[in-house]
Amino acid sequence: MRRALFFLVVLSGFFSSAWARGLDDYIGDWAGNLEVAPGVSLPLVLHVTEAAGEYAASLDSPNQGAFGMTASDIALEEDGTIKLTFGDIGAVYTAHLSEDGTAMTGSFVQNGASFDLTLVKDAEPTARIPRPQEPGDDRPYQEEEITFSSEGGPLLSGTFVIPEGKGPFLTVVLLNGSGPQDRDEYLPPFDHKPFLVLADHLAKAGIASFRYDDRGMGSSEGSFASSTVNQFAGDAAAALALIEKRPEVRKAGYLGHSEGGVSAGLAIGEYGAKPKFVVTLAGPFTNIGDVLIEQAESITLATGGSEAAAKAAMAQQKLFVDAVVNAETPEAACPLIQLYSASVPAAQRDQIMQLCTPYFWSLLRSDPAPHYRAYKGPVLALFGSKDVQVLADVHAPIAEEIFRKRKGAEVIVFEGKNHLFQSAETGAMTEYGEIEETMSPEVMDRIAEWIADRR
């Protein structure tokens, strides 16, 4: 089962009759938006009920298709504050009622990150924006669940998509972008599943694919935050080795989105993976620490910030990056990260502290360029002109220099496309969820055509 932001857990706990009167005030249906980043929100609906003197609470996340997720514990503090614990995912919602009893305001804390959350009684939840490109249940191809692991790694799970018709087929291993993601590269705040849509498009073009859940996500075991980028590259190498042995596969290569392009390069350069081709979607071609510093400026400007604010954001980001890169261990970076983030809001500070995890500590040291210079196979490097996360005017020229004499290599900048390769207005991350399109058909067609030419 794919893991969403929340998980179904069993209600537990005993609530004394002394609490009953206060909890009665919370009975009802409540809706609001969890702002997970500036301008990016996730609609939530909370249901509090009572039956035979026992209270229960359940949570819906409509954009994730997750409903009826039950609180593992309910408590009423002495001051009348309600505390709902979702133990399986390490999340707690603590809130108090407004004077008129029509709203509850508090904080939603999950895995160390804290977000303000106000829920309004009997409010209509935000309707899900249509996602017309997502395939339905009637899919004209075969899907097979496959498990595998890299040496010493946890058991990972993924989906092998086999097109209709006579094989063997050209096949691509899809590598997720940054952060913990499932095999569909599902982005909960934006409610898009880029790899689900892309795998469907490729299958209909006669191209097989294999996509898998990151460590600790979906049906995969292990822990994401405590793993390193090199270990993810090892997983990518194991996935390619696995899929190359299938009789349905003619030639296999990688397709990496954003950080997935880094994983592909590391798998080639450090784990001996030998893909017959590589596609990178918004893949960086410089040191990743520099990419994060670039992002601070471009994202600030895309969201309406001034030049001065953008330069200040870059300077602060450089402090964080340097603290991590210069630390001998992830833990050694924490004191400086904590010091530099003392003046930022609590919700952002909690997220910034993730920079001293093994994942970020290893990521900020990564540089995919040397591995792509050494790789001699064909590469298709795609960028979006409105991408504010991996800047096309920075990375496309570097890719062109690396691949200018490479047979079968091609670098394309798609006009008007953002980091997800949606048709965008500004490219700001706040647009991602508002756009119905998950991935531009023009981009997916070019990917399929280029892969088909690898025959």
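In what sense do β14 and β15 pair, and over how many bridges? They pair in the parallel sense, over four bridges. Strands here are DSSP runs of E with at least two residues, and helices are runs of H or I with at least four, both numbered from the N terminus. Two strands count as paired if DSSP finds at least two bridges between them.

Before I continue, a word on the basis of this presentation. This is a predicted model, in which local features need pLDDT of at least 70 and side-chain atom pairs count only at pLDDT 80 or more, whereas totals for chains, interfaces and linings use all residues. Residues are numbered from 1 along each chain as its sequence is written, and side-chain values use heavy atoms, with hydrogens and water left out.

Let me turn to the sheet. β14 and β15 belong to an open sheet of eight strands with mixed pairing, in the order β10-β11-β13-β12-β14-β15-β16-β17. At its edges stand β10 (141–148) and β17 (410–414), each of which pairs on one side only. From one strand to the next, the twist averages 20 degrees.

His 257 stands opposite Leu 281 in β15, and Leu 281 in turn stands opposite Leu 382 in β16. β15 and β16 run parallel and are joined by four bridges. Strand β16 (residues 379–384) also runs parallel to β17, with five bridges between them. In that last pair, Ala 381 has Val 411 of β17 as its bridge partner.

How do the residues of β15 point? Val 278 and Thr 280 point one way, while Val 279 and Leu 281 point the other way. In a regular strand the side chains alternate between the two faces of the sheet. All four of these residues are buried, a term that means under 20% relative accessible area; exposed means over 50%, and partly exposed lies in between, with a 1.4 Å probe and protein chains only.

Next, the helices. Helix α4 (residues 259–271) forms a right-handed β-α-β unit with β14 and β15. Right-handed here means that, with the strands pointing away from the viewer, the path from the first strand over the helix to the second runs clockwise. Helix α3 (residues 229–244) lies across β10, β11, β12, β13 and β14, and runs at about 155 degrees to β14. Such angles run from 0 to 180 degrees between N-to-C directions, the axes being lines fitted to C-alpha atoms, for helices over the stretch in contact. Contact means heavy atoms within 4.5 Å.

Helix α2 (residues 194–204) contains Leu 196. Leu 196 counts as buried because its relative accessibility is 7%. Apart from neighbours within four places in sequence, Leu 196 is in contact with Pro 135, Arg 139, Asp 184 and Arg 211. Between Leu 196 and Arg 183, which are 13 residues apart in sequence, the C-alpha to C-alpha distance is 7.8 Å.

I come to the nonpolar cores, each a set of buried Ala, Val, Leu, Ile, Met, Phe, Trp, Tyr and Cys residues joined through side-chain atoms within 4.5 Å. The largest has 37 residues, of which Tyr 212 and Tyr 254 touch the most other members. Helix α3 gives the most to this core, with six residues. Apart from it lies another core of 30 residues, including Tyr 141, Val 172, Val 443 and Ile 451.

Finally, the charged pairs. The structure holds 16 salt bridges, each a side-chain nitrogen of Lys or Arg within 4 Å of a carboxyl oxygen of Asp or Glu. One of them joins Arg 246 to Glu 144, with the closest N and O atoms 2.8 Å apart. Arg 246 lies in the loop between α3 and β14 and Glu 144 in strand β10, so this pair ties together parts that are 102 residues apart in sequence. Arg 246 is buried, at 19% relative accessibility, whereas Glu 144 is partly exposed, at 25%.
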